[in-house]
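I take one topic per entry.

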Amino acid sequence: MQLTLWTYEGPPHVGAMRVATGMRSLHYVLHAPQGDTYADLLFTMIERRGERPPVTYTTFQARDLGGDTAERFKQSVAEAHERFRPQAMIVGASCTAELIQDDPGGLAQALDLPIPVIPLELPAYQRKENWGAAETFYQLVRRLAVRPTGPRAALDGSRRARCNLLGPTALGFRHRDDVQEITRLLDRLGVDVALVAPMGATPADLARLAEADFNVMLYPEVAQTAASWMSRQLGLPCTRTVPIGVGATRDFIREVAALAGLDADQALAAAEQDSRGPWYARSVDSNYLTGKRVFIFGDATHAIAAARIASRELGFEVVGLGSYSREFSRELQDAAKALGLSALICDDYLEVEAAIAAATPELVLGTQMERHVAKRLGLPCAVISAPVHVQDFPARTSPQMGFEGANVLFDTWVQPLMMGLEEHLLGMFRGDFEFHEDAAPSHLGRSQPGTVATPVPAAAAAAAVAPLPSDPITLPIAQTTTQTTTQTTPPAATTWTADAERELGKVPFFVRGKARRNTERYALDHGLGAITVETLYDAKAHFSR
Amino acid sequence: MNARIPIHALATSDAGCAEPPVLRERGQREVFCGLTGIVWLHRKMQDAFFLVVGSRTCAHLLQSAAGVMIFAEPRFATAIIDERDLAGLADVHEELDQVVQRLLARRPDIRVLFLVGSCPSEVIKLDLSRAAERLSHLHAPQVRVLNYSGSGIETTFTEGEDACLAALVPQMPATTGSEAELLVVGSLADVVEDQFRRLLTAMGITRCGFLPSRRAADLPAVGPHTRLLLAQPFLATTAKALEDRGARRIPAPYPLGVEGTQAWLMAAAEAMGVDPIRADTALAPARQRATQALAASRARLAGKRIFFFPDSQLEVPLARFVARELGMVLTEVGSPYLHATHLDEERALLPPGTQLSEGQDVERQLDRCRAAAPDLVVCGLGLANPLEAEGYATKWSIELVFTPIQGFEQAADLAALFDRPLQRRARLAA
């Protein structure tokens, strides 16, 4: 049993639903108890779709458990086929239906419908949403894709290369705009998109997958299983680089050029017209971004891409990298190692919260859940990965991929940070009634309630945001400050003198956490009994070497 | 003006009309499960924590339903059952103990912990009532651990509140005096609860408790002298549990709209032996204010056709309000469950011939809805945008559970909830 405040992924049948809803003319019959239809509103509200997901639920109740739930399932399949007339169907169970073991696959086969009916085995007590999406897409491709009969026509310059875009689904983070951006990019290179799947494809379209020259894998979390199978069984090679960030997009273009038989340098020159990110990051205004401490968490694809952009394209210092995608832990460990870190691979929200607090970052790049943590800790935050809420399905075009995606990322990540001049002025002058470190950055357009102008509520507000007694935010070192220290433990050295505490208050707020931690570590290492102003500056000099 | 007289007169005159039979359907039900009740109950009872024992689906439902609220530290969580728990029941209780331990260490301010059953925990027959007893013993006297089921197989949406309140009933102290006491049952917005308390006092009813109370550790008393006034129509189990402890229910319509609120409060006055003239005088200013405030919405909504999909069991009282006070025309009034006696007073007030339906087969109901071509459809979030895209104006129904709508002062706000989608359509079209 696992205590869960927030979950990064839904159950696997939600992944299957994302595939079905992304596609057209595919229907999903889900054996599930009453209430599981809540999942519909993920699509109708968060993604704001104007049609119901193509999902029929059996919605059994307790009184049905005494009777024949299997019969009820068969009836639902028959009725769904009759009403919606899809080209193909998928059938499966939700977590509760898995327990009553009605065998949806077998029952649906027994109906002998005139269309392909694909059973899904999604173990709800072991696996999660992305795995469910990947497995569903894989089963669909395996069942529906037709093997090529002869060899493919050669890419000899007489025709344009054709590729499939794999991975975009309903409820995917920016999938809509990524597909548009990558299609445009490929078109500039001289490559046509034969098919996008699952998003927008019908079961009949999937039969034609092998007609393309190669696959472009946009989202490995959803597409990798199917892409590997196609590479083995249909002879379709597949790209490995996910084009998020300028560097990754360039690598991606080289990879595509090789697969499509194009000149890589020409392709790069043709594609880079709209790329503004690199110049923005080089312009002097961005100087103050150098070495900003950033913590990154999300699905593996977006987290790894973000780490590369943060460290090599924006000049941040990545102080934490993690993901909830266990399926990609090796890739994540490699990326972390390259940055001198150890990757945090976990889906325990409380553990992520503790890791962020311990890393004392100045910016958090994460999911909707990291927004909760950042809000609690008072840190700037930008969203880079699912799970996300309605505001991250915007009306405007906002891809993460390609060169336009890199432009979007530059704006999105820099926005929550305090702007350069304000940051300098706060370092120089304190106690301003309007511009002070407890106020939100002024370009974000609102002042914190209960600020310096009203001293009493300010105290109350500070108390309100103060961590709870049992909060993991408490720095680990502070817990060693007990009077009962024995000879075997190092002398406790975390008593701050009043002067030192005041001096610490003069350190700009966004690096103060790190300064406190470093000073305490320095004092502990040097066996100092109390921290004075001198200790603070000694530690500063020590760690700046 | 005494509202009781016209109501009773209407009720008898309607009794002779031929009622169309209630349409009872079974099929796909597009409704929430009882776990959703946690979303408002955890805010109402500020010292309570709700621990769902269930699957990842349950956790996912809660955070999807909690929407924007998820930025606050919530007072609910899920203990997710995994493979190891399913392999054998032996260590499940130990696992649960550890989860509760971790939770209470993080939230030392919690006084009442609800272990909430779900479909998976019910299907594997995990004995949560025994676990609650054991844990109560372990964490007494700081924390009391209770248990109820919010599973989809047993409860629909607001029935989760019913199950939760019913679990509180055995914890309520027994009354000591011999005087009649009023107990108002059902979650109400704080502002509404305060208004009712003021009105009841002005009418002369001072001995009055509310369930749920704002702190789950301080419950009102119950006993043979308790008169039970239901503020919500979905409290069948709670009412039964209170009646088993001697309380007697006051038959009344529900406090929605001017008429409903007036009748509800006057029923309490009669049951508590308060002089009806004094009571009515106390209500007059608020009643007149509310009647005036309703006029604008009524002018816009009169004659509009409305269709209710089943959701919360509030549908029948809401239909009565929109029909009688706003002049809307009812096409179909769907409810997940129609309680025979708790809805008696409401059904008597519905226009003759109103088509009621209980349960759901969502595809067939959508067919009927399209055939009826209503001006406004009241439905859940899974249907609202798709119906809008088809050209229907919709009012999403859970807002009716999350908004203060009961009482005189809220009557116009309630009308505005139905008025707004139509006004919006008119503005966007212009």
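Is Ser25(A) buried, partly exposed or exposed? I looked up its relative accessible area, which is 31%. Because buried means under 20% and exposed means over 50%, I put Ser25(A) down as partly exposed. I note here that the model is a predicted one.

**Entry: backbone at Ser25(A)**

I placed Ser25(A) in the loop that runs between helix H1 (12-22) and strand S2 (26-31) of chain A. I then read its phi, which is positive at about 60°, although Ser25(A) is not a glycine.

**Entry: Gln313(B)**

I looked for a positive phi in chain B as well and noted Gln313(B), a residue other than glycine with phi near 75°. Gln313(B) sits in a loop of chain B, with strand S10 (305-308) on one side and helix H13 (315-324) on the other.

**Entry: cis peptide bonds**

I checked omega at two prolines. In chain A, the peptide bond from Ala197(A) to Pro198(A) is cis, and its omega is near 0°. Pro198(A) belongs to the loop between strand S7 (191-197) and helix H9 (203-206) of chain A. In chain B, the bond that leads from Ala140(B) to Pro141(B) is cis, again with omega near 0°. I found Pro141(B) in the loop between helix H7 (128-139) and strand S5 (144-149) of chain B.

**Entry: Ser397(B)**

Where is Ser397(B) placed in chain B? I found it in the loop between strand S14 (394-396) and helix H17 (399-402). Ser397(B) counts as buried because its relative accessibility is 4%, and the cut-off for buried is under 20%. I set aside the neighbours within four places in sequence and listed what remains in contact with Ser397(B): Asp311(B), Val378(B), Cys379(B) and Gly380(B). With Asp311(B) there is a polar contact between the two side chains, at 2.9 Å.

**Entry: helix H8 of chain B**

How many residues of helix H8 (residues 159-168) of chain B are buried? I counted ten of ten and wrote the helix down as mostly covered. The buried residues of H8(B) include Glu159(B), Glu161(B) and Asp162(B), and also Cys164(B) and Leu165(B).

**Entry: chain A as a whole**

I recorded 23 helices and 15 strands for chain A. Chain A has 545 residues, and 55% of them count as buried. I also took the contacts in chain A between residues at least 6 apart in sequence; 70% of these join residues at least 24 apart. The domain assignment divides chain A into domain 1 (12-129), domain 2 (162-273), domain 3 (278-417) and domain 4 (495-544).

**Entry: domains 3 and 4 of chain A**

I looked up how domain 3 of chain A meets domain 4 of chain A. Their C-alpha centres lie 28 Å apart. Six residues of domain 3 of chain A are in contact with five residues of domain 4 of chain A. The two domains bury about 440 Å² between them, and carbon and sulfur atoms give 50% of that area. On the side of domain 3 of chain A, the residues that lose the most area are Arg293(A), Thr360(A) and Glu362(A), which together make up 75% of what that side buries. The residues on the touching side of domain 3 of chain A are two nonpolar, one polar and three charged.

**Entry: chain A against chain B**

How many residues of chain A are in contact with chain B? I noted 64, which meet 66 residues of chain B. The area buried between chain A and chain B is about 5,700 Å², with 59% of it on carbon and sulfur atoms. I counted five salt bridges between the chains. One of them joins Arg106(B) and Glu353(A), whose closest N and O atoms are 3.4 Å apart. The interface of chain A and chain B also has 26 residue pairs in polar contact. Helix H17 (residues 368-377) of chain A supplies the largest share of the chain A side, six residues. By class, I listed that side of chain A as 25 nonpolar, 19 polar and 20 charged residues.

Technical notes. Residues are numbered from 1 along each chain as its sequence is written. Chains are lettered from A and ligands numbered from 1 in the order in which they are written. This is a predicted model: local features need pLDDT of at least 70, side-chain atom pairs count only at pLDDT 80 or more; totals for chains, interfaces and linings use all residues. Side-chain values use heavy atoms; hydrogens and water are left out. Domain bounds come from an automatic or database domain assignment. Contact means heavy atoms within 4.5 Å. Buried area is the accessible area (1.4 Å probe) that two parts lose on being put together, summed over both. Ala, Val, Leu, Ile, Met, Phe, Trp, Tyr, Cys and Pro count as nonpolar, Asp, Glu, Lys and Arg as charged, and the others, Gly among them, as polar. Buried means under 20% relative accessible area, exposed over 50%, partly exposed in between (1.4 Å probe, protein chains only). Helices (H or I, at least four residues) and strands (E, at least two) are DSSP runs, numbered from the N terminus. A salt bridge is a side-chain nitrogen of Lys or Arg within 4 Å of a carboxyl oxygen of Asp or Glu. A polar contact is a pair of N or O atoms within 3.5 Å; within protein, one must be able to donate a hydrogen and the other to accept it, and residues adjacent in sequence count only if both atoms are side-chain atoms.
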